[in-house]
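The notes below are meant for a colleague who is opening this structure for the first time. Please read them with the sequence and the model side by side.

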Amino acid sequence: MSLFDALEKRRSVYALNKHLPLSDEEVVDIVKRATELTPDAFNMKSAHAIVVMGKKHDELWDAIYDAFGGKVSREKIDGFKAGAGTVLFYINQNKVHALQEQFVSYAANFPIWANQANGMLQSNVWSAFAEKGIGANLQHYNPVIDSTLAEMFDVPEDFTLVAQMVFGGIAAAPDDKPADDGTRVRVVR
Ligand SMILES: Cc1cc2nc3c(=O)[nH]c(=O)nc-3n(C[C@H](O)[C@H](O)[C@H](O)COP(=O)(O)O)c2cc1C
C-alpha cells in the first residue's frame with residue numbers, strides 16, 4: 001500500500017470492536033516503530049507512548065468516566081471502551097527543558113516543537129493502524145484525567161498527556177469524507 005493509500009484509509013472510526021486483525025505484539029510493534037521513525041526538533045525524542053490494551057483498556061475508560069463525575073455520557077465512554085486499546089501520547093518535559101537550557105535563544109520554540117512532533121507521531125500511528133485495517137479515533141480528555149492516569153499507569157511526573165487514541169477492529173466504516181475544496185495549497189514559481 002502506498003503512503004497516500006494509507007492516508008486515504010486513515011479516518012476517525014468511532015464504531016470499534018475488540019477484534020483486531022493483528023496480534024497485540026504486532027500492534028505494539030507499530031507504535032514502537034512509528035515512535036522511533038517520527039522526527040523531532042533537535043532530535044530531542046520528546047514523544048512517548050503508553051499502549052493500553054485488554055482489561056486495562058476497559059479500566060482506563062471506566063476511570064475516565066469516573067474522573068468526569070457523570071459529565072460525559074456513559075454511552076459515549078462505552079463506545080471507546082468497546083475498542084481493543086488506547087494509545088496514550090505524552091511529552092517528556094524533562095527533555096524539552098534540557099534543550100531550552102542548552103539553546104536559550106530558541107527556548108520558547110521547544111514546547112511548540114514538542115507538540116508538533118507529538119502530532120506527527122499521532123498521525124503516523126493513526127495511518128499505520130489504518131494501513132493494517134485497524135480503526136482509530138483521537139480523543140482529548142486531558143487535563144481532567146491526567147492525575148488519574150498518572151496513578152493508574154505509574155507515569156513519570158515530568159510527562160504531560162497530550163492525546164488518547166482509541167483503536168480496535170472496525171465495526172462500521174465512517175461515512176465518506178466531504179471533498180476538500182482544493183484551495184489551500186498555492187504554488188509560486
Ligand atoms: C489535533 C486533532 C485533534 C482532534 N481532537 C479530536 C477529539 O478530541 N475528539 C474527536 O472525536 N476527534 C478529534 N479529532 C478528529 C477530527 O475531528 C477528524 O480527524 C476530522 O474531523 C477529519 O475526519 P477524519 O479523521 O475522518 O478524516 C482530532 C483531530 C486532530 C488532528
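1. The shell around the ligand is made up, by class, of two nonpolar, four polar and two charged residues, where Ala, Val, Leu, Ile, Met, Phe, Trp, Tyr, Cys and Pro count as nonpolar, Asp, Glu, Lys and Arg as charged, and the others, Gly among them, as polar. The residues in question are R11, S12, N137, L138, Q139, H140, P174 and K177, a residue being near a molecule if its C-beta atom, placed from the backbone, lies within 6 Å of it.

2. A word on the basis of these notes: this is a predicted model, in which local features need pLDDT of at least 70 and side-chain atom pairs count only at pLDDT 80 or more, while totals for chains, interfaces and linings use all residues. Residues are numbered from 1 along each chain as its sequence is written.

3. The protein chain holds seven helices and five strands, and from the N terminus on these elements follow the order α-β-α-β-α-α-β-α-α-β-α-β. Helices (H or I, at least four residues) and strands (E, at least two) are DSSP runs, numbered from the N terminus.

4. For the overall dimensions, the C-alpha atoms of the protein chain fill a box of roughly 50 × 50 × 35 Å along the principal axes. Among contacts in the protein chain with a separation of 6 or more, 83% are between residues 24 or more positions apart, a contact meaning that the C-beta atoms, placed from the backbone, lie within 7 Å.

5. Strand β5 (residues 159-170) has nine of its 12 residues buried, so it is largely enclosed by the rest of the structure. A residue is buried if 20 or more other C-beta atoms lie within 10 Å of its own, exposed if 12 or fewer, and partly exposed in between, with C-beta atoms placed from the backbone.

6. The largest nonpolar core has 44 residues, and L88, F89, V125, F129 and F167 have the most contacts inside it. Helix α6 (109-131) gives the most to this core, with nine residues. A nonpolar core is a set of buried Ala, Val, Leu, Ile, Met, Phe, Trp, Tyr and Cys residues joined through C-beta atoms within 7 Å. Leaving aside neighbours within four places in sequence, F89 is in contact with A47, A49, N118, L121, Q122, V162, A163 and M165.

7. Some backbone details deserve a check in the loops. The peptide bond from N142 to P143 is cis, with omega near 5°, and P143 is placed in the loop between β4 and α7 (146-153). In the loop between α2 and β2, F42 has a positive phi of about 55° although it is not a glycine, and N43, also in that loop, has phi near 55°. F42 counts as partly exposed, with 14 C-beta neighbours inside 10 Å, whereas N43 is exposed, with 9.

Terms used. Two residues are in contact if their C-beta atoms, placed from the backbone, lie within 7 Å.
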